[in-house]
Amino acid sequence: MTKRPETNAPRQMLAMYEISKALNSCTDLAKNLRATLEILASYLHMQRGMVALVQDDGALQTVSAHGLSRQEKDRGRYLRGEGIIGRVLKTGLPMVIPDVADEPLFLNRTQSRDLGEGSAIAFICVPIKVDRETVGVLSVDREADAGHRATRFEQDVRFLKMVTILIGHAVKQNRVIAAERAELLSEKHRLETALKGRYSIDNVIGHGKRMQEVFAEVHKVAPGRATVLLRGESGTGKEMIARAIHYLSPRKDKPFVRVNCAALTETLLESELFGHEKGAFTGASQERKGRFESAHGGTLFLDEIGEISPAFQTKLLRVLQEREFERVGGNKSIRVDVRLICATNRDLEAAIADGTFREDLYYRINVVAIFLPPLRERHEDIPFLVEHCLEKFNRENGRRVRIAPEAMRTLLQCNWTGNVRELENCVERSATMAQGEVIELPDLSCQQGKCFSGVLQEGFGAKGAAHSLARMDARPGVPAMGSDAAPPPGSERERLIWALEQCGWVQAKAARLLNLTPRQVGYALKKHAIPLRRL
């Protein structure tokens, strides 16, 4: 029989140092405990070692072991007060058994020891505590020769007590990490649920036929990988539809990344989309991932795609063709799996004709096109949108504002050139400035109820304003500018110029003269290319 060397203080200190490193090597507690038991085996010459921790049902289960097979480790389960290990858990006090063959309380639950004739096996069992609560048990066994003194067992117990202090800290830290992870996962689930509820296509307001057609198209394209081009005027909800496509797709658990192409210069846009290497340009103090990399596995939404420069269009086209790119200042190709959704309010076909938009890029992004109707073409949704805006306003401001029927009728007649965004602003302003809890007609922010009536059926912008100019002489109540004022000339352009000349080229006065709004006059000026000032 090999005689074990005596354990000394320097050897114990070195073992404690190695154990402290092992217990902090990674976040896998079972792996760290297994490394700890291997160190104990090396320094204490023990045959077997186990760490059992209290489970949710209150029982002890062996989570790490040395010198035991997987089946033997799995059998190491003990109830509180059961056997030596269970008693140590119950009492919180260490126990030493000089020879397990002579101890009736020793269960040999793992069946890893031969208790027949042979060398005596000593068993040392020490509680693991966290804030005075016994959360587990550390046990080791070793051959005990006849000369093994009680003082030596006392030294072993003192040493193992110090080890269990370190193990207790590791268990506590693991509990904190597990609790934080559970909280983060719960918050992630809550946010994902909230986002899905917010951007679910069922919650996008659109009860009319036009929006129902859009919803049907969204449901068709969402499951696939095809690039989608959302087209429509500003304020029609293109980003909301893009998010709905993402959350209805198989990529819903991956990132949805949005970039407004019109808000960045060409240089900044390239860095924003593709990222840059450290030192690529002045101020690039560290490596930075681009939006393409951030959206890997998910969806990248490029808003205002029609505003990018022809030079950058070429770079973007290559990425869409090859599905790979290099960071600014780098030469390493990076491949990404990204679904692209683009949006624009521009007439891309006209841009292709005048040479400001590449035709090949147009066909790359225009795989599936969805047109979002302007608000003036779905006025049946206006009451629902107004109620939604008021609910949001009341929730955020702790009020109970509602809208009067005559005010709602006026909103139904408005042209809403700014679409849903303009309606939201109008409702919020009117609710803020309302004297009481009801928005009356005088409270409306759009010219105190003087909305774009009469042009709802005739189009919007310059076209609607011009048509109203053509009908101006048929409208009653046109204010006279003096006895010498000439009647309006025949063409739309001439009538507008005549009104401006009568009012000293003050657009607001000309609008009142023509019984129009300043916005309509502005659209008409743009359509007929009339300078804002006449020299």
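How many salt bridges does the structure hold?

1. The model is a predicted one, and the structure holds 24 salt bridges.

2. Glu18 and Lys21 form a salt bridge through their side chains, at 3.8 Å from N to O. Both lie in helix H1 (residues 9–23), and because they are 3 residues apart, about one helical turn separates them. Glu18 is partly exposed, at 26% relative accessible area. Lys21 is also partly exposed, at 43%.

3. A salt bridge joins the side chains of Lys73 and Asp74, again with N to O at 3.8 Å. Asp74 has a relative accessibility of 46% and counts as partly exposed.

4. The side chains of Glu293 and Arg327 meet in a salt bridge of 2.9 Å, N to O. This pair links distant parts of the chain, 34 residues apart: Glu293 belongs to helix H9 (residues 291–294), and Arg327 to the loop between strand S12 (324–326) and strand S13 (333–335). Glu293 is buried, with a relative accessible area of 14%; Arg327 is buried too, at 9%.

5. Helix H8 (residues 266–274) packs with helix H10 (residues 310–322) at an angle of about 15°, the axes being 10 Å apart. The two helices are therefore roughly parallel, since angles under 35 degrees count as such. Their crossing is right-handed.

6. On the H8 side, the contact involves Glu266, Leu269, Glu270, Leu273 and Phe274; on the H10 side, Ala311, Phe312, Lys315 and Val319. By class, this contact has 6 nonpolar and 3 charged residues, with no polar ones.

Note on methods
Residues are numbered from 1 along each chain as its sequence is written. This is a predicted model: local features need pLDDT of at least 70, side-chain atom pairs count only at pLDDT 80 or more; totals for chains, interfaces and linings use all residues. Side-chain values use heavy atoms; hydrogens and water are left out. Axes are lines fitted to C-alpha atoms, for helices over the stretch in contact, and angles run from 0 to 180 degrees between N-to-C directions. Helices (H or I, at least four residues) and strands (E, at least two) are DSSP runs, numbered from the N terminus. Angles under 35 degrees count as roughly parallel, over 145 as roughly antiparallel, 65 to 115 as roughly perpendicular and the rest as oblique. A crossing is left-handed if the near helix is turned anticlockwise from the far one by less than a right angle, and right-handed if clockwise. Contact means heavy atoms within 4.5 Å. Ala, Val, Leu, Ile, Met, Phe, Trp, Tyr, Cys and Pro count as nonpolar, Asp, Glu, Lys and Arg as charged, and the others, Gly among them, as polar. A salt bridge is a side-chain nitrogen of Lys or Arg within 4 Å of a carboxyl oxygen of Asp or Glu. Buried means under 20% relative accessible area, exposed over 50%, partly exposed in between (1.4 Å probe, protein chains only).
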